Amino acid sequence: MQHIISKVLLILSIIIAIVSTATPDWQASTGTFGSNNTGTLTQGLFKTCMTYKADVLGTKNTGSGCSSFPHIVSDASKARKSCQGLAISSIVFLSLSLACKFVPEDKFKYCHLIGISALILGVILMIACVTLYSDKVYQGSNQTSGVVNTKQGYGYSIYLAIASVLLGVGAGATEMFGK
């Protein structure tokens, strides 16, 4: 039974890690600019998105769009690129761990050890990504210049990354202590 629970937790961890890595909402800012103009800016690992509502000469305009990050060399952009690699590597190692769970031990006796090691490494890499993003990217980006009444915080994607870590830890704990 613990093998099934461990596999399900690991599959959920991988799916949530993929969604977290792909979605552009690791941090979000909302604010007002001018009179009655509002905007929301979200940033992920690979792109940034913006939505706005503006009143221009009595005409209400709304819009949204996403784009890749500009090629600006800064500590925050270097940390974001590192976090991209850490998140993708985490997904690869978690997937390797899952693959080893489906290999019978009599076919490849070291796959269980490789699977546990890959799981531990995958979890550590995602923890490193979240920590790096929080410390260097989130703290190092000044995305609200000229905007008043700004609310800035973490978006849902970073919480998904944390959930992925917790599910990975749960999968490992179930596998190791469930016997």
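Mentor: Let's start with a cut-off: a disulfide here is a pair of cysteine sulfur atoms within 2.5 Å. Keep in mind that this is a predicted model, where local features need pLDDT of at least 70, side-chain atom pairs count only at pLDDT 80 or more, and totals for chains, interfaces and linings use all residues. Residues are numbered from 1 along each chain as its sequence is written, and side-chain values use heavy atoms, with hydrogens and water left out.

Trainee: OK, which hand does the disulfide of C49 and C66 have?

Mentor: The sulfur atoms of C49 and C66 sit 1.9 Å apart, within the 2.5 Å limit. The torsion about their S-S bond is about 105°, so the disulfide is right-handed.

Trainee: And which strands does that pair tie together?

Mentor: Strands are DSSP runs of E with at least two residues, helices are runs of H or I with at least four, and both are numbered from the N terminus. C49 and C66 are 17 residues apart in sequence, so the pair ties together strand β3 (residues 47–56) and strand β4 (residues 59–68).

Trainee: Is C66 buried or partly exposed?

Mentor: Buried means under 20% relative accessible area, exposed over 50%, and partly exposed in between (1.4 Å probe, protein chains only). C49, at 12%, counts as buried. C66 has 48% relative accessibility, so C66 counts as partly exposed.

Trainee: What is the hand of the link between C100 and C111?

Mentor: A disulfide joins C100 to C111, with S to S at 2.4 Å. C100 lies in helix α2 and C111 in helix α3, so the pair ties together parts that are 11 residues apart in sequence. The torsion is -90° about the S-S bond, and the link is left-handed.

Trainee: How far apart are the sulfur atoms of C83 and C129?

Mentor: Both cysteines are tucked away: C83 is buried with a relative accessible area of 0%, and C129 counts as buried at 0% too. They form a disulfide, and the sulfur atoms are apart by 2.1 Å.

Trainee: So what is the pairing of the bonded cysteines in sequence order?

Mentor: A search of the whole structure finds three disulfides. Number the bonded cysteines of the protein in sequence order, and the pairing reads 1-2, 3-6, 4-5.

Trainee: What distance separates the end C-alpha atoms of helix α4?

Mentor: The expected span is 1.5 Å times one less than the number of residues. Helix α4 (residues 156–177) has 22 residues and should span 32 Å, which agrees with the distance between its end C-alpha atoms, 31 Å.
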